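Have the sequence and the 3D view open as you read.

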Amino acid sequence: MILLAAPEPVAPVASGGVLLAAALASIALIVILITYVKLHPFLALLLGGVAVGVLAGRNVMDVITSFGEGFGATATSVGLLIALGAMFAKLLSDSGGADQIVDTIVGRSSVRTLPWAMALVGAIIGLPMFFEIGLVLLMPVIYLVARRAQVSLITVGIPTLAGLSAMHGLVPPHPGPLAAIDALQADLGTTLALGVLVAIPVIVVSGPLFGKLAGRWVVVDAPHTFDATPVTNPEGETRRPSFGVTLFSVLLPLVLMLAKAIVDIVINDPENNVQQVFDVIGYPLVALTIAVLVAMFTLGRGSGMDRRQIAKTVEMSLPPIAGIVLIVAAGGGFKQSLIDTGIGTQLADWAQGSGVSAILLAWVLAVLIRLATGSATVATITASSLVVDLVANMPAAEVSLVVLAVGAGSVFFSHVNDAGFWLVKEYFGLDVGQTIKSWSLMETVLSVSGLVFVLALSMVI
């Protein structure tokens with residue numbers, strides 16, 4: 001997710017009980033409208049966003065303004081990334097690059113080991129890449145692997161999502177962990193090392209192991225969103241870009257963003273010309289734009305496409321994701337409506353007086369704010385800011401563990417107020433119930449296992 005400035009504290013407009021009831025009622029309304037009334041998720045989220053503000057006692061126009069701001073911010077950040085990622089994904093698919101990756105994975109993995117291979121792919125791609133970008137880039141690969149192996153899309157999709165999500169929540173240079181590191185003055189190197197150490201068993205538990213169960217609960221075939229259009233070169237032949245060229249194209253935005261993070265750490269001078277250059281080319285929107293332009297040559301021309309065919313591929317990538325962009329942006333609007341009622345702040349205040357350990361308290365705070373707002377970044381920023389005083393005199397390693405606890409809590413049970421929930425639902429072709437039984441439960445397993453492994457590390461460090 002794109003890191004935005006921490007929201008200003010919101011004074012609750014009603015009592016804590018009323019705010020909690022308003023949040024629960026609005027979430028229930030969205031689920032009922034989608035599952036029983038069969039209303040489009042975009043409209044359901046719009047009505048839910050208005051309902052939560054009105055039930056919490058806010059002025060209707062203020063509620064509408066809040067929803068519009070959240071919608072616009074999400075469309076600007078995540079929406080643009082989805083569009084660019086769809087262009088790249090379609091180029092990857094039509095050029096045969098996705099087939100090349102699938103052949104390599106399937107050729108070296110049995111049906112039994114495929115979920116493990118996909119979890120590794122998700123973790124590697126997710127290390128420096130934002131969750132949304134990684135998901136969009138890997139969707140054609142996930143589709144093809146599921147088809148070739150003749151297994152449920154969930155069986156190979158959940159391990160991939162686990163790899164992406166674990167890295168997003170636990171490991172810098174993702175925005176959530178970086179925000180917590182900055183707020184708690186944790187050591188970046190220590191947090192990075194411990195984050196990877198925790199992420200490995202977390203991915204195993206929430207990815208291949210849980211994915212095996214989820215694949216039995218939710219059996220779905222791969223949708224046809226990114227089906228390849230056969231392309232022939234002027235000689236009437238078809239060819240694929242090489243595996244090396246394909247891998248370079250896929251990893252290019254990853255490398256650009258990682259290079260920015262490294263340069264920012266090593267140089268650490270915003271006035272330095274080199275850092276300024278990397279800050280631009282490593283910005284997610286710029287990095288993915290560069291990747292799309294490069295892919296037109298490496299994947300498009302590399303597979304024998306001419307300019308007309310490349311333009312057609314890019315054009316055909318956008319209509320299938322128009323609805324996804326609207327739904328995800330509406331999820332952002334609903335999230336902002338919740339934030340502006342003050343429910344997240346109210347829940348954090350309740351949890352802060354519980355008297356539990358710093359690690360457990362940090363996790364609980366992040367969980368409550370995540371459930372209330374749907375934003376992992378907001379949960380991380382708010383929860384870490386509330387435990388600053390508790391970690392003031394802790395050793396560096398323990399502070400890093402608190403950072404990881406916040407990160408683990410921030411991904412707990414993604415549901416209807418999370419833009420990521422709708423992104424997964426639409427790309428995987430699921431209904432709300434199936435999304436909860438697969439994606440939402442996977443995020444919960446990831447979050448709880450993350451807390452368990454952090455607590456285990458705290459006993460030996």
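Predicted model: local features only at pLDDT ≥ 70, side-chain atom pairs only at ≥ 80, totals over all residues.

## α3 alongside α12

Let's start with helix α3 (residues 60-94) and helix α12 (residues 284-300): their axes come within 9 Å and cross at roughly 20 degrees. Angles under 35 degrees count as roughly parallel, and α3 and α12 are therefore roughly parallel to each other. Their crossing is left-handed.

On the α3 side, the contact is made by L80, L81, L84, G85, M87, F88, L91 and L92. Facing them from α12 are P284, L285, L288, T289, A291, V292, A295, M296 and L299. Sort that contact by class and you get 15 nonpolar residues, two polar ones and no charged ones. The spacing of such lists is worth a glance: an α-helix has 3.6 residues a turn, so residues three or four places apart point the same way.

Helix α9 covers residues 188-217.

Which helix crosses α9 at roughly 135 degrees? That's α5 (residues 114-126), and the two axes come within 9 Å. This angle makes α5 oblique to α9, and the crossing is right-handed. The contact brings P115, W116, A119 and A123 of α5 up against I203, V204, P208 and L209 of α9. Its residues come out as eight nonpolar, no polar and no charged.

## α19 across α20

Last up are helix α19 (residues 419-428) and helix α20 (residues 432-458), whose axes come within 10 Å and cross at roughly 110 degrees. Angles of 65 to 115 degrees count as roughly perpendicular, so that's the label for α19 and α20.

Here G420, F421, W422, V424 and K425 from α19 meet V432, T435, I436, W439 and S440 from α20.

Technical notes:
Residues numbered from 1 in each chain as written. Heavy atoms only, no water. Axes fitted to C-alpha atoms, helices over the stretch in contact; angles between N-to-C directions. Helix = DSSP H or I, 4+ residues; strand = E, 2+ residues; numbered from the N terminus. Parallel < 35°, antiparallel > 145°, perpendicular 65-115°, else oblique. Left-handed = near helix turned anticlockwise from the far one by under 90°. Contact = heavy atoms within 4.5 Å. Nonpolar A, V, L, I, M, F, W, Y, C, P; charged D, E, K, R; others polar. Bend = angle between axes of the 7 residues up to and from the residue.
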